[in-house]
Amino acid sequence: MGEAKLSSFSNYGLQWCFKQLHKEEFQIFKALLKESTSEPAACSFPLVEVDNADSEQLTSLLHEHYKESFAWKISIDIFEKMSLSALSEMARDEMKKYLLAEIPEHSTPAKTDQDPIMEEVPSHRDDQQDYKSHVMRKFSTELDAHHSFEKFASDCPDVHALLGAFNPDRGGFRPLTVVLHGKAGIGKSALARRILLFWAQGELYQGMFSYVFFLHAREVQWTRECSFAELISRQWPDTQVQVEEILSQPERLLFVVDGFEDLDLAFKDDDSALSGDWAEKQPVSVLMRSVLKKVLLPESSLIITVRDSGIEKLQSVLVSPHYLLVGGLSVEKRVQLLLEHVKHEQQKMQTLRWVVGNHEVFDKCQVSVVCSLVCEALKLQEAPGKRLSIACPTLTGLYASFVFHQLAPKDAVRSCLRQEERVTLKGLCQMAVEGVWNMKFVFSSDDLDIHGLKEPELSALFHASILLQGSRCEECCMFLHLSLQEFFAALYYVLEGLEGEGDPYPLFTENVKSLMELKQIDFNVHLVQMKRFLFGLMSKEVMGALGTLLGCPVPLVAKQRLLHWISLLGQHASTTAPLDFLDAFYCLFETQDDEFVRSALNGFQEVWLPLNRPMDLIVSSFCLRHCQYLRKIRLDVREVPKQEFAEAWPSIPRGLQIKTQDEHWEVLCSVLSTHPNLRQLDLSGSILSEEAMKTLCIKLRQPTCKIQNLIFTGAQITPGLRHLWLTLINRNIKYLDLESTHLKDRDVMMACEAVKHPNCLLESLRLDHCELTHTCCQVISQMLVTSISLKSLSLAGNKVTDQSIKSLCDALKVTQCTLQKLILGNCGLTATDCQDLASALTKNQSLTHLYLSGNSLGSEGMNLLCRAVKLPNCGLQRLILNACNLDVAGCGFLAFALMGNRHLTHLSLSMNPLEDDGMNLLCEVMMEPSCPLQDLELVKCHLTAACCKNLSYVITRSQHLKSLDLAANALGDHGITALCEGLKQKNSLRRLGLETCGLTSNGCEALSSALSCNQHLTSLNLMQNNFGPRGMTKLCLAFAHPTSNLQTIGLWKWQYPARIRRLLEELQRLKPHIVIGDGWYSFEEDDRYWWKN
């Protein structure tokens, strides 16, 4: 009964205030009321009913949708905006009477089960109530104040966790810091403000905190030096408040810090500067760091909002935080809102199926204001006969539908914007793009003036729900949502961003350096979305609607520049990160323009895509269909979490058929299996279920599939291996890599049966680090005898027993064995095993490549092996013996073998302690004209300048040596001087490696002299040597000499001063074919590192 009387009194009092307004004033009041209630959270206030309401009806509306106290506060705020101070004062007096009647003086809020029991501390209840009234007045105009905590929590289930956020865990630990994290724009800041509002209303943390203070990071960090007490007093409505008394009870205080990522200044100070005195004046950065690290007011509680991308940085600052994910609106609520906004019953399912199926759009709908925007756009797309109708099924299409409709002239006479409206639109877009680049989302009146945003066009933007009035500052404004600012920022590049001279925000690029700069966009999530909106604006439908709105054709310059940027990624695929490829695909998907996408991807021959979400599969399938010249693809597939709406299926309407994760995977596999030019599929590191493997393998067996190479290095595919073996019978598969896949005996048996099948044409099989047993090796040995196609086998990293190596070598001796390449690196082989290998080499003439690196063969093993290598009928051409514990004696056996061998052209002895004596033994043989060696690798062999004279003779006298790598040997300047004597003479050397050889500027004179007269050397590695500017200047002159034919130079340009870098850049301009960089070993000509492929 009492509540009814209070409500009646409130109705009568507020209605009396409205009747004091003149007719024009009442209309102004209603317009300002609509602005106040058009905040993102206030979606359900009936704005349409406000226009025709009289004073009585308007009072009823306010009391129906707001608690009585908030209806008064909103009205008083508007009276003050209208400069009706007398009416405002009278209304304030009436409101105070009402509040006193509503809240008994000695009432104590009831504790909830969720609140930890804390002893009540005596406080000034009047001060507390004044502060709570201030909080309600401050935040109710920007939030959906009529929603209770329970109602809000039912829409956003994650919010329930706030109730017990500060409760002790099972171990009795009670967190004092709670982190609210989530993606940008999800509503973390709105939730932070709601926490204060719900606390002030008595619905959250009652009996726990006497005061809750809101600290906005972006505003706080620019505050001048002050004490923490002064910083807090600014949050108070009354400057006379006793802050000292409040801070004297820190266990009763909660500080809500919004926007941690904006606290850059707080992390530039040393921890030694932290302060525990809240009365001491300090830079605000020190105060905030002190609070976060629990040095200042350690007993107080904290709630901090941060984007997911900022969590790592935050972890280094906080003490034992409790993390809560902010996920926005629940699936049920999103579905409910979508269904409510679709008028036609027959279109409801179709619309819902599309939105839920487009995960980008459905995810955006987690934010209530974006969900409302999407709903409004869908309604507009439904409406027949709309001039600016856009049916493009993308996020950009929806935003364009909403924005263009809001901006379009409302009278029937005009069909396009006036000149002054176009100027306003361009100014708005420029303000948006400057904000996105500079992470600025609240704009002052100065910002509006700078960009020419003036009345009456500015008011139109507020009424169109494009801009919102700032709640903390009446002269400030912001976009309806961050995503809307990103959209207008993208529109800037279409309207104005044609990269005129001096454009401060250039997005378009012309060269590789700019491409690398553009990739920095990925560090700013708002720039990423802006870029995607920009591509979406290239859609034919969107461009057509924009042209109609502007009343003129939209120039295509932006489209051409975007095409150029995508083509750069394709040209530099080897240095492009997987996320850059995926981002480019998302951008192209947003266009939904087959011709544009096909043209953009025309130069792509290889891509690497991480696939972690269903939308990644959808986007990739769309783009790969148009990637017509693609030859290689790598996919990092992860097990995608259960789709969120699957958990809410009971509340989803029946008949709504949404594609599952498995169905999206099947579509992608179909695209891959029908691609006309795709030859290699790399799924390294992927996690594939048996069902996913089955789907993939069925598609790989289709007649249309052209894929020849399958790579599963480190992939988790064991449950689906049985489907893979059947795929080997496909005549297309020629290369299979299963490195680091645990194989059981049964798996190997099935694989070998498939390889022995007449239809199997597998040529190369890699089973590195597969934990093979002796039984596996016996089965593989049998396969070698019966397979007619297998040419290369790698068993590296498996512990091969003596019996296993014997069975393998017995197979090699059989005439039917056609194996040409055998890789047994790090297999635990010893000198004893070399007897079996030598025996096989004497009888097998097809084996041309043998890799034994990482086995401790020693001199004894080398002796046994070389007895076979020296025989004329040994067919070995490439022998890799890196890290085999070879010494001087081993070099002697090798030298002896080389004297009789006429086939061995490539020899690698890297990481063996050969020393100068061993090298000299090899040099004696290599100086003989009959020595066939063309490629010698001697990295880290303990060589010094003492052997360089003989190496110089080898360079001069050998008729076949083309490549010599001496990296990581202490040759020094004396050694290089001796080598250069050979380089000056006529020789056949094409490639020379001198990385980390202890060279200085003193050796550059000899080296530059040799390079200036050498016409044959094309590749030179000088990485990690101590050349000074003087030496580098000499080398640059030699590189530029007309007789020098160098094409690849290993140098890290950034270790040298700017003057030397300019010389190197000038060299590349003079000789554009020259490549200078740190990727010398990546240039693998002549199949030098065959065992890696």
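This is a predicted model: local features need pLDDT of at least 70, side-chain atom pairs count only at pLDDT 80 or more; totals for chains, interfaces and linings use all residues.
What covers the buried residues of H40? Point 5 has the reply; first, some ground rules.

1. Numbering runs from 1 along each chain as its sequence is written, and side-chain values use heavy atoms, with hydrogens and water left out.

2. Overall make-up. The protein chain comes to 46 helices and 24 strands; both are DSSP runs numbered from the N terminus, helices being H or I with at least four residues and strands E with at least two. Of its 1093 residues, 55% count as buried (buried is under 20% relative accessible area, exposed over 50%, partly exposed in between, with a 1.4 Å probe and protein chains only). The accessible surface is about 45,900 Å², and 52% of that belongs to carbon and sulfur atoms; the areas come from the Shrake-Rupley method with a 1.4 Å probe, and for residues only the protein chains shown count as cover. Among contacts (heavy atoms within 4.5 Å) between residues at least 6 apart in sequence, 80% join residues at least 24 apart.

3. Nonpolar cores. A nonpolar core here is a set of buried Ala, Val, Leu, Ile, Met, Phe, Trp, Tyr and Cys residues joined through side-chain atoms within 4.5 Å. The largest one has 319 residues, and Tyr205, Phe488, Phe712 and Leu994 have the most contacts inside it. Helix H23 (residues 482-495) gives the most to this core, with ten residues. Apart from that core lies another of 23 residues, among them Phe18, Phe26, Leu33 and Trp72.

4. Helix H13. How many of the nine residues of H13 are buried? Nine of nine, for a helix that spans residues 284-292. Arg289 is on the buried list too, as are Ser285 and Ser290. The buried residues pack against strand E2 (211-216), helix H10 (217-220), helix H11 (228-233), strand E3 (253-258) and strand E4 (301-307). Just after H13, lysine 294 takes a positive phi of about 60 degrees.

5. Helix H40. Back to the opening question: the cover over the buried residues of H40 includes helix H39 (858-869), strand E18 (906-908) and helix H41 (915-926). H40 itself (residues 888-900) has 13 residues and reaches 19 Å from first C-alpha to last, close to the 18 Å expected at 1.5 Å a residue; that expected span is 1.5 Å times one less than the number of residues. Its buried residues are Gly890, Cys891, Leu894, Ala895, Ala897 and Leu898.

6. Salt bridges. The whole structure holds 26 of them, each a side-chain nitrogen of Lys or Arg within 4 Å of a carboxyl oxygen of Asp or Glu. Arginine 613 and aspartate 363 form one at 3.6 Å, N to O. That pair links distant parts of the chain, 250 residues apart: arginine 613 sits in the loop between strand E8 (606-611) and helix H30 (614-624), aspartate 363 in helix H17 (residues 359-364). Arginine 613 is partly exposed at 30% relative accessibility, whereas aspartate 363 is buried at 17%.

7. Lysine 540 and glutamate 595 have their closest N and O atoms 3.7 Å apart in a salt bridge. Lysine 540 lies in helix H26 (residues 540-550) and glutamate 595 in helix H29 (residues 594-600), so the bridge ties together parts 55 residues apart in sequence. Lysine 540 is exposed at 55%, and glutamate 595 is exposed at 54%. Arginine 766 and aspartate 768 pair at 2.8 Å, and both are buried. Asp935, Glu937, Arg991 and Arg1088 are linked in a network of salt bridges.

8. Threonine 842. This residue is in helix H38 (residues 831-843) and is partly exposed, with a relative accessible area of 26%. Leaving aside neighbours within four places in sequence, threonine 842 is in contact with Ala868, Leu871 and Asn873. Its C-alpha is 8.7 Å from that of glycine 875, 33 residues apart along the chain.
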